[in-house]
Amino acid sequence: NAGGLINVAMEHGGEYRRERALAHVENIYSTCLEVLKSARESGQTPHQSALLFALNRIDNIGNIRRYR
């Protein structure tokens, strides 16, 4: 599940801080709502909306790293 993946990523990302991991896990609900709202508004399936959301995030992260 998403919470488990977040926790593992935090363990492998250097110094593990439980509070930081929990803060990321707490965003799962709002992210799901955002994806479902987008799907409803665009007429896409939730799967299509989630995929687009993920691809946009990957692009944004790539753009951020280019400017560092």
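Helices (H or I, at least four residues) and strands (E, at least two) are DSSP runs, numbered from the N terminus. The order along the sequence is α-α-α-α. The radius of gyration is 14 Å, well over the 11 Å that the globule rule gives for 68 residues, so the protein is more spread out than a compact globule. That radius is taken over C-alpha atoms, and the rule is 2.2 Å times the number of residues to the power 0.38.

This is a predicted model, where local features need pLDDT of at least 70, side-chain atom pairs count only at pLDDT 80 or more, and totals for chains, interfaces and linings use all residues. Residues are numbered from 1 along each chain as its sequence is written, and side-chain values use heavy atoms, with hydrogens and water left out.

**Stop 1: the outline**

Show the C-alpha atoms. They fill a box of roughly 40 × 30 × 15 Å along the principal axes. Of the 68 residues, 9% count as buried. Buried means under 20% relative accessible area, exposed over 50%, partly exposed in between (1.4 Å probe, protein chains only).

**Stop 2: the ends of α1**

Select N1 and G3. At the start of α1, a side-chain oxygen of N1 comes within 3.2 Å of the backbone nitrogen of G3. Next, pick G14. Just after α1, G14 has a positive phi of about 115 degrees.

**Stop 3: S49**

Move to helix α4 and select S49. Is S49 buried or exposed? S49 is buried, with a relative accessible area of 3%. A polar atom of the S49 side chain lies 3.0 Å from the backbone oxygen of V35. The S49 side chain also makes a polar contact with the side chain of S38 (3.3 Å). A polar contact is a pair of N or O atoms within 3.5 Å; within protein, one must be able to donate a hydrogen and the other to accept it, and residues adjacent in sequence count only if both atoms are side-chain atoms.

**Stop 4**

Select α1 (2–12), α3 (27–42) and α4 (46–66). What do these elements share? Each gives two or more residues to the lining of the largest pocket.
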